[in-house]
Amino acid sequence: MRRRLSECSPPGLMLKASGKNQSSRFCWLLSLSVLLWLVFFYFHFVVIGGGTIDDFIKLEPTQSQTLPSKASRPSEDSYPFMRALRTVENKSDPCGGRYIYVHDLPPQFNEDMLKECRSLSLWTNMCKFTTKAGLGPTMENVEGVFSNTGWYATNQFAVDVIFSNRMKQYECLTQDSSIAAAIFVPFYAGLDISRYLWGYNTSVRDASSLALVDWLTKRPEWNVMGGRDHFLVAGRITWDFRRLSDQDSDWGSKLLFLPAAKNMSMLVVESSPWNANDFAIPYPTYFHPAKDADVFVWQDRMRKLERPWLFSFAGAPRPGNAKSIRGQIIDQCRDSKVGKLLECDFGESKCHSPSSIMQMFQSSLFCLQPQGDSYTRRSAFDSMLAGCIPVFFHPGSAYTQYTWHLPRNYSKYSVFIPEDDIRNGKVSIEERLLQISPEQVKAMREEVISLIPRLIYADPRSRLETLKDAFDVAVQAVINKVTNLREDIIEGREDPNFIEENAWKYALLEEGQREVGPHEWDPFFSKPKDNGGRAS
């Protein structure tokens with residue numbers, strides 16, 4: 001019977017004719033080496049350190065645990081995403097830990113929609129708004145309100161196209177999904193549902209979402225984390241994708257309620273306070289600079305402007321909504337000598353003129369931003385772009401939404417007046433704002449102006465040199481989210497007390513915090529609103 005090879009003998013040596021003698025010599029040298037190391041540790045810890053044999057024995061496991069982190073981490077075979085995590089260890093690679101893999105989707109999920117642009121909206125011909133990589137027509141600076149370059153008549157629902165085209169310019173794209181920090185799905189979810197929101201049954205509204213999920217779940221990239229490293233973008237509010245039933249009378253699609261979609265991260269212009277699979281990113285403004293200098297020039301101009309109006313509001317009342325405070329806000333604007341009102345209606349109005357809106361914002365210290373048809377408004381970002389300090393009346397309009405892009409300390413850049421104080425006539429907006437000292441107003445305005453780069457989307461056809469725009473901030477936040485999730489999986493960390501209905505609270509936690517408790521804003525989010533959360 002053939003004897004099994006000795007475990008201490010290298011295979012190469014055993015193949016030689018003199019393998020027995022050489023392997024014996026190898027074992028002898030190995031044993032001697034081990035003995036010398038044992039003597040060294042004994043001398044160090046017992047003789048010099050004054051310890052005991054028991055102390056020495058107890059120290060042995062500790063020594064093996066203090067190996068460099070790279071050596072002690074699980075092997076690449078342990079988790080399929082280990083190779084991606086280890087890219088950050090290559091200090092010579094500027095893309096280490098930042099690679100993005102982009103799925104090559106069938107054109108039905110994106111480009112084909114642009115070819116059928118006339119069908120994208122029942123009310124608007126979207127063809128002109130999908131040109132120039134999603135920026136829309138160039139705007140002329142006839143009235144001198146804008147700067148000479150970088151301004152476009154961008155549709156507020158165009159983020160799908162803008163984001164996907166910005167991704168094409170991302171400096172750390174990879175064709176190797178095994179090293180990707182996250183995986184992007186270039187599905188134009190917002191444009192897709194906008195085609196079918198009115199007059200179509202639920203089967204039509206859900207068709208593309210179901211087809212997308214079917215395609216993704218068959219891909220090998222999906223199996224790595226079950227889709228939890230995937231993200232997509234929709235330039236609409238979350239409620240357009242959260243249909244609660246299969247009745248045709250119910251609103252939107254059920255994309256965000258699909259089991260597979262619950263694993264992905266969906267970036268929308270307004271997220272749900274009570275769900276954990278969507279994240280808010282800024283609405284697009286009219287400004288899309290091609291280089292850093294364009295941003296710096298605009299910021300300097302906003303700092304130097306004279307602002308004769310204390311506050312202003314651009315919007316229409318909501319007479320059919322008993323909870324809306326817009327009527328009271330409009331009344332206060334009309335009654336104030338330091339308030340400016342730009343009334344909007346469904347006919348011809350200056351509200352449809354970007355130049356008129358931006359001109360008013362540029363001449364105001366504070367811009368009132370009550371809820372619109374939902375929690376959020378594009379107007380908030382237009383006003384901040386103009387260096388106007390926003391005044392919010394509900395935390396869901398900004399503070400619990402854009403946690404990636406706005407400071408947690410909201411008093412640095414905004415004013416908060418609870419809706420009930422306006423609704424009950426307890427607060428005069430004019431008096432409240434006049435209580436803020438000129439020095440504090442100046443500091444708040446400077447904070448707003450400093451935030452401009454991270455609130456705008458740069459021209460997708462170029463790349464900013466040093467500034468990080470809204471796209472950059474969002475992508476890095478997704479990467480951080482996926483990386484933290486992967487590390488939690490390795491360490492076996494899972495929060496058994498996680499409550500999805502408190503998703504808005506988790507978004508406000510500081511680094512390292514995991515527990516949520518009572519919050520001053522609980523009354524604002526105590527229960528979902530009508531229509532699945534929409535502020536109708």
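**Figure 1. Overall content of helices and strands in the predicted model.** The protein has 20 helices and 11 strands, where helices (H or I, at least four residues) and strands (E, at least two) are DSSP runs numbered from the N terminus. This is a predicted model, in which local features need pLDDT of at least 70 and side-chain atom pairs count only at pLDDT 80 or more, while totals for chains, interfaces and linings use all residues. Residues are numbered from 1 along each chain as its sequence is written, and side-chain values use heavy atoms, with hydrogens and water left out. Of the 536 residues of the protein, 50% count as buried; buried means under 20% relative accessible area, exposed means over 50%, and partly exposed lies in between, for a 1.4 Å probe and protein chains only. Among the contacts in the protein with a separation of 6 or more, 70% are accounted for by residues 24 or more positions apart, a contact being heavy atoms within 4.5 Å.

**Figure 2. Packing of helix 12 and helix 18.** Two packed helices are described by the angle between their axes and the distance between the axes. Helix 12 (residues 292-304) packs with helix 18 (residues 438-455) at an angle of about 165°, and their axes are 10 Å apart; the axes are lines fitted to C-alpha atoms, for helices over the stretch in contact, and angles run from 0 to 180 degrees between N-to-C directions. That angle makes helix 12 roughly antiparallel to helix 18, since angles under 35 degrees count as roughly parallel, over 145 as roughly antiparallel, 65 to 115 as roughly perpendicular and the rest as oblique. On the side of helix 12, Val295, Trp298, Gln299, Met302 and Arg303 meet Glu446, Ile449, Ser450, Ile452 and Pro453 in helix 18. By class, this contact of helix 12 with helix 18 has 6 nonpolar, 2 polar and 2 charged residues, where Ala, Val, Leu, Ile, Met, Phe, Trp, Tyr, Cys and Pro count as nonpolar, Asp, Glu, Lys and Arg as charged, and the others, Gly among them, as polar.

**Figure 3. Packing of helix 7 and helix 19.** Helix 7 (residues 159-167) and helix 19 (residues 470-491) pack with their axes 11 Å apart and at an angle of about 75°, and the two helices are therefore roughly perpendicular to each other. Phe163, Arg166 and Met167 of helix 7 make the contact with Phe471, Asp472, Ala474 and Val475 of helix 19. The residues of this contact divide into 5 nonpolar, no polar and 2 charged.

**Figure 4. Surroundings of serine 336.** Serine 336 lies in the loop between helix 13 (326-335) and strand 8 (339-343), and it counts as buried because its relative accessibility is 9%. A polar atom of the serine 336 side chain lies 3.2 Å from the backbone nitrogen of glycine 339. Apart from neighbours within four places in sequence, serine 336 is in contact with Phe311 and Glu430.

**Figure 5. Surroundings of aspartate 192.** Aspartate 192 is part of helix 8 (residues 189-194), and with a relative accessible area of 2% this residue is buried. When residues up to four places away in sequence are not counted, aspartate 192 touches Met113, Phe187 and Ser208.

**Figure 6. The loop between helix 6 and helix 7.** Phenylalanine 157 lies in the loop between helix 6 (111-115) and helix 7 and counts as partly exposed because its relative accessibility is 26%. Not counting residues up to four places away in sequence, phenylalanine 157 touches Leu191, Gly235 and Arg236. Phenylalanine 157 and isoleucine 237 are 80 residues apart in sequence, and their C-alpha atoms are 9.2 Å apart in space. Lysine 132 is also found in the loop between helix 6 and helix 7; its phi is near 50°, a positive value in a residue other than glycine, and at 34% relative accessibility lysine 132 counts as partly exposed. Alanine 133, found in the loop between helix 6 and helix 7, has a positive phi of about 60° although it is not a glycine, and with a relative accessible area of 19% alanine 133 is buried.

Definitions and conventions:
Polar contact = N/O pair within 3.5 Å; in protein donor to acceptor, adjacent residues only side chain to side chain.
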